[in-house]
Amino acid sequence: MQLKIYNSLSGEKEIFQPIVEGIVGMYVCGPTVYSNVHMGNVRTFMSFDFIYRTLVFLGYKVRYVRNITDAGHLTDDGNIDNDRFVKQSRLEKLEPMEIVQKYTVDFHQVLEKFNLLPPTIEPTATGHILEQIELTQKLIDSGFAYESNGSVYFDVFSYNQKGLNYGELSNRNIEELFANTRDLDGQNEKKNPQDFALWKLASPAHIMRWNSPWGPGFPGWHLECTAMSTKYLGEKFDIHGGGLDLKFPHHECEVAQGKACNGTSPVNYWMHTNMLTMNGQRMSKSTGNYINPIDLITGENNFFEKAFHPTIVRFNFMQAHYRSVLDISNDAMVASEKGYIRLMEAMKVINNFDTQSFKNNESQWSVKDWKTNTYNALLDDFNAPILIAHLFEAVKTIFALKDGTLQINQSDFELLKSLMNSFVYEVLGLQDIEENNNEKLDQTLQILIDMRNQARKSKNFELSDQIRNQLLEKGIELKDSREGTTYVLNS
Ligand code: AMP
Ligand code: ZN
């Protein structure tokens, strides 16, 4: 078993060799929690959820760190007035920390709907201010950073002069960068426009600020990921991931900070997921070309003809490789729904078969070959669409078994059943829709029970009896007791 991962640093698929045999340290850049996540963000986190699930399925013990950026993320021009949290808190008339709380909760709720597993550690930038101050000091002491007007900047020019090669991850020629950029923020605080903030001075009006050796301020965005990844995974760790748009400058800066601080490139395998597009354009809040997860699930949008269950959306996303662009569309979602229904029908068939009936069979279909193909798909840079194609081969087999047009022996059947369940539920993270329908039924019945109790309270016994009797006709029996009213489904 040899896992291959496409490493953005080398631009090649490489054999995956973890630093410690059997154990993987993986860091993924989390959301900046100043607004609701859109489906593009969800795609990136879902891709890493699939990668995480696959690593666990393949037998690795994974420490999966995904941070929450809850401070210090400036808009691209670097102007302090454009701190995203401060800007949003003014807009919504809330404390910046209320903004953080509101959108962190939203982020978790959305990911849960799409059945993403939580990371094993979810650290926050504000919880690691001390570590960031220490790193900044270390960079100043070693000549890689300088203080200017209460802010501290990473000195890209001096880093490069030491032969450390700024631009290695994003394949940028630093000389060109130096020649072609101007200092746009006009503050002339930086020696060179490429220098990036490790620490930013904050005025008293800026609520989210901390004391530091350079005065009150807040950390730069790039530094938090270096602080948290090295704290929990070490100075050098296995996998670092994020969306393709984070490669430059964010991840390039992380490489530079890591090398400058610890004298070693921090990450062995850089993984970048490709973008979700809509109408052929990258999904993004700033351009207005986006769809909110909740609007997609409820159907309250002008883009899709109907509502789609989160597991259908998940199945749709899994049908594209994580390094391919995926264009979200009504037709593709409808096709995914059809595919999902067929896949789940097959799961019902295979999970309800009487295995005794396979006892004396000869196998006419090789489950072992099929297993090899499915594993090869996963081992080849986490190829979910190829895995799904193999699952549909198995679906054909399962229906042929049901119709009696094909035979396999009992141990092959058990293997097929166990693998299908693992791939569908554990690795792809799909869910049965019916289970959630039960939840809906429960909520609906609770509404009817409340209405009946209201009717009884106001002595409208005609209505209360009508509710009880009509439910009974449908096989739902209400039972009153001192604790309240419950229901029983009579089959
Ligand atoms: P942010 O909160 O802006 O840092 O974004 C969170 C994650 O979503 C990052 O890894 C981004 O690369 C990713 N992301 C943003 N837009 C898209 C998109 N249209 N498709 C896929 N991923 C995206
Ligand atoms: Zn990051």
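Buried means under 20% relative accessible area, exposed over 50% and partly exposed in between, with a 1.4 Å probe and protein chains only. The model is predicted: local features need pLDDT of at least 70, side-chain atom pairs count only at pLDDT 80 or more, and totals for chains, interfaces and linings use all residues. Residues are numbered from 1 along each chain as its sequence is written, and side-chain values use heavy atoms, with hydrogens and water left out.

**View 1. P119 in the loop between helix 3 and helix 4.** P119 counts as buried because its relative accessibility is 12%. Leaving aside neighbours within four places in sequence, P119 is in contact (heavy atoms within 4.5 Å) with Y64 and R66. P119 and R456 are 337 residues apart in sequence, and their C-alpha atoms are 48 Å apart in space.

**View 2. Helix 1 against helix 10.** Two packed helices are described by the angle between their axes and the distance between the axes. The axes of helix 1 (residues 39–57) and helix 10 (residues 310–318) come within 10 Å and cross at roughly 75 degrees. Helix 1 is therefore roughly perpendicular to helix 10. Axes are lines fitted to C-alpha atoms, for helices over the stretch in contact, with angles from 0 to 180 degrees between N-to-C directions; under 35 degrees counts as roughly parallel, over 145 as roughly antiparallel, 65 to 115 as roughly perpendicular and the rest as oblique. Helix 1 contributes M39, R43, M46, D49, F50 and R53 to the contact, and helix 10 contributes V313, R314, F317 and M318. By class, the contact of helix 1 with helix 10 has six nonpolar, no polar and four charged residues. Ala, Val, Leu, Ile, Met, Phe, Trp, Tyr, Cys and Pro count as nonpolar, Asp, Glu, Lys and Arg as charged, and the others, Gly among them, as polar.

**View 3. The largest nonpolar core.** A nonpolar core is a set of buried Ala, Val, Leu, Ile, Met, Phe, Trp, Tyr and Cys residues joined through side-chain atoms within 4.5 Å. The largest has 92 residues, and those with the most contacts inside it are M39, L55, I328, W370, L416 and M420. This core draws at least three residues from each of domain 1 (7–273) and domain 2 (277–431), with domain bounds coming from an automatic or database domain assignment. Apart from this core lies another, of 24 residues, including I129, Y166, W199 and A260. Beyond four places in sequence, I328 touches L276, T277, M278, M283, I291, L296, F303, F304, F317 and M333.

**View 4. Backbone geometry at K93, F382 and P249.** Most residues other than glycine have a negative phi, and most peptide bonds are trans. K93, not a glycine, has a positive phi of about 55 degrees. K93 lies in the loop between helix 2 (84–92) and helix 3, and counts as exposed at 74% relative accessibility. F382 has a positive phi near 55 degrees and sits in the loop between helix 12 (367–379) and helix 13 (384–403). F382 is buried, with a relative accessible area of 1%. The peptide bond from F248 to P249 is cis, with omega near 0 degrees, and P249 is in helix 8 (residues 247–262).

**View 5. R452 in helix 15.** Helix 15 covers residues 433–457. R452 counts as buried, at 3% relative accessibility. Not counting residues up to four places away in sequence, R452 touches S464, I467, R468, L478, D480 and T485.

Note on methods. Chains are lettered from A and ligands numbered from 1 in the order in which they are written. Helices (H or I, at least four residues) and strands (E, at least two) are DSSP runs, numbered from the N terminus.
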